[in-house]
Amino acid sequence: MKQFQYIIIFLLFGVSTPLFAQDVTLFQQFNGRYDYTAIGNTLNSFENGPGTPCTIQTSSSATLNLMLNQNIVAAYLYWAGSGSGDFNILLNGTEINAQRTFSDALDSSRVFFAAFADITEQVLIEGNTSYTISDFDLTNIIPPYCPTGTNFGGWAITVIYQDDNLPLNQLNVYDGLQSVPTTLNITLDNLNVLDNEDAKIGFIAWEGDRTLAVNEQLTINGNVISNLPLNPVNNAFNGTNSFTGATNLFNMDIDVYNIQDNISIGDTLATINLTSGQDFVMINNIITVLNSQLPDATLSIDGNLVNCGDNSVELFYTVNNFNSTAILPANTPIAFYLDGILIGQSETINNIPINGSENNSIIVNIPEESDSELTIVGIVDDDGEMNGTITETNEDNNITFEDIELLIIPDIIPLPQLVGCNEGFEISTFNLFEALESLEFNEEDISFFQSIEDLENESNEILIPTSYNNTSNPEVVFVRLVSPPCYVIYQFSLSVENCPPIVPNGFSPNDDNANDWFNIQGLYDIFTEHELLIFNRYGDLIFRGNNDKLWNGEVNKGINANGKVVPVGTYFYVLNLNDPNFESMVGWVYVNY
């Protein structure tokens, strides 16, 4: 697999100083009827150390056996080994790429890595089965590590599950990569201990040796912990899995300890101390499971309503109690701030159950001197003085933000009118962008509206401005041009006038239903009082028509007024529009069959 070098070494005055290790910190929290299990296996064929074969496998397997009532919620894969990292491996034949990576080192020549991937989807699909990690190849990496017994590779899967038979727990997943010798202190925060019965803590650790137990001791809050017979007081990390009872996980550990007597009700953090006089151990993952019955109030602002020229804003919000193990009580206070100033207060109406929500709204008044673009801060479980009133599973997720733009009406800038030809009933088709020819703009920044109210509310936008039919004559159109940080308003009028009709050069009255008559565009619906006179080449009047009498080539005037059609040839017309704004039109038309 592809190897990635990501360790930075500074050379200073001939001394190499590697930058390694990432503090173990909270990664994920689950509140409810949750617990976890873990499986995994080593790639080492023997416990490492001088005198043992310098070999390593590229695959190994472990079996997941959950009970029917244990429903998978999350599954996390951790893998680690000697070297700078193999971050692309296979799980049951499926390619897994590291989503997060960790590093540590004893010195510049003995570096180690760990990696993480969320495999929840795959484990949900495959369920209880044998899981095989393969294509995890450190064969060419470990030879320099073997003489000092620091050659290893292994993997573990932690599975968080929900079970209705469990008490309400708070399950915290912490990870990073920190190591001993000689001593290591890790502080776990974000704890809420309401009941310490059956409290437990679990570890995924790498490179621990069964045969090395010099001053090796694990304590929590100053109390030494053990898990006999797998993990004695003086040898906590010794190649075991507390869940399966396995004792042959060479140079890796999946351990869990009961800490009921080592943590107290009311604790919000725990301190872990690991000492080792010889054994090199890296802690990659820690999971705590504590009884907890607390709500978890979160707030989201789902939208707002701003009226043009009005400094009052209606906020629509939702209070959630999702990641919780108890109801969120009614009358939980909510506060809204602008620039640190309290501008509104509310409270929940009902008790909100676990995984429940409550919707509401509030109208807040924005101070007159405020900018038009502003951010309102909403905080649930806030009494208006930045003080909380209830204890929650997470005290750091009560806040939300909403960006607001006050609708300050700018001056309206007039533009020249557009004039269109009457297509009937004083309606014409306009390309509204033609009114903006004097402006520089991007079309995506322009919107057209039929009223100033619609523009202010950004509603009922004209959707096809390139082909718009007026609804009155004249009609005013309003334009909104986005121009950060605000917008500009323009207006122009649409005017519809009669336009000269368009006379064709010919027609063919042969009854084929195509071009059978003298169809003058823009004449019959517009100039309803017109008169059409047709003359032959000798100047004789042969046809007189109007809006009710269309010329289809027949003769209705003169000595040959027999209703027959004229022969092929050129004829001349006089079109009297009978409109004071237009003169008569004169021209020719060719008749063909």
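Close-up 1. Pro474 sits in the loop between strand E32 (468-469) and strand E33 (475-483). Strands here are DSSP runs of E with at least two residues, numbered from the N terminus. As background, most peptide bonds are trans. Before moving on, note that this is a predicted model, where local features need pLDDT of at least 70 and side-chain atom pairs count only at pLDDT 80 or more, while totals for chains, interfaces and linings use all residues. Residues are numbered from 1 along each chain as its sequence is written, and side-chain values use heavy atoms, with hydrogens and water left out.

**Close-up 2. Asn92 and Asn251 have a positive phi.** Most residues other than glycine have a negative phi. Asn92 isn't a glycine, yet its phi is about 50°. You'll find Asn92 in the loop between strand E7 (88-91) and strand E8 (94-97). Asn251, also not a glycine, has a phi of about 65° and lies in the loop between E17 and E18. Buried or partly exposed: what are Asn92 and Asn251? Asn92 is partly exposed, with a relative accessible area of 27%, whereas Asn251 is buried at 1%. (Buried means under 20% relative accessible area, exposed over 50%, and partly exposed in between, using a 1.4 Å probe and protein chains only.)

**Close-up 3. Strands E21, E22 and E25 make an open sheet.** The order is E21-E22-E25, and the pairing is antiparallel. Two strands count as paired if DSSP finds at least two bridges between them. At the edges stand E21 (298-306) and E25 (356-365), each with a single partner strand, so one side of each has no neighbour in the sheet. Neighbouring strands are turned by 20° against each other on average, direction ignored. (Those axes are lines fitted to C-alpha atoms, and angles run from 0 to 180 degrees between N-to-C directions.) Look at E22 (residues 312-321) next to E25: 10 bridges join the two. Ser312, for example, has Asn365 in E25 as its bridge partner.

**Close-up 4. Cys54 and Cys146 form a disulfide.** Here a disulfide is a pair of cysteine sulfur atoms within 2.5 Å, and a search of the whole structure finds two of them. In this one, the sulfur atoms are 1.9 Å apart. The torsion about the S-S bond is about 70°, so this disulfide is right-handed. Distant parts of the chain are linked, 92 residues apart: Cys54 is in the loop between strand E4 (34-42) and strand E5 (60-63), and Cys146 in the loop between strand E11 (130-134) and strand E12 (153-162). Cys54 is partly exposed at 36% relative accessibility, but Cys146 is buried at 10%.

**Close-up 5. Cys421 and Cys499 are joined by a disulfide.** The S to S distance is 1.9 Å. With a torsion of about -90° about the S-S bond, the disulfide is left-handed. Cys421 lies in strand E29 (residues 418-421) and Cys499 in the loop between strand E34 (486-497) and strand E35 (506-507), so the pair ties together parts 78 residues apart in sequence. Cys421, at 37% relative accessibility, counts as partly exposed, and so does Cys499, at 21%. Counting bonded cysteines along the chain, the disulfide pattern is 1-2, 3-4.

**Close-up 6. Asp35 and Lys200 form a salt bridge.** That term means a side-chain nitrogen of Lys or Arg within 4 Å of a carboxyl oxygen of Asp or Glu, and a search of the whole structure finds five. For Asp35 and Lys200, the closest N and O atoms are 2.9 Å apart. Asp35 is in strand E4 and Lys200 in strand E15 (residues 195-206), which puts the partners 165 residues apart in the chain. Both Asp35 and Lys200 are buried.

**Close-up 7. Glu531 and Arg544 form a salt bridge between two strands.** Their closest N and O atoms are 3.4 Å apart. Glu531 belongs to strand E36 (residues 531-535) and Arg544 to strand E37 (residues 541-545), so the pair ties together parts 13 residues apart in sequence. Glu531 is partly exposed at 25% relative accessibility, as is Arg544 at 37%.

Key: Helix = DSSP H or I, 4+ residues; strand = E, 2+ residues; numbered from the N terminus.
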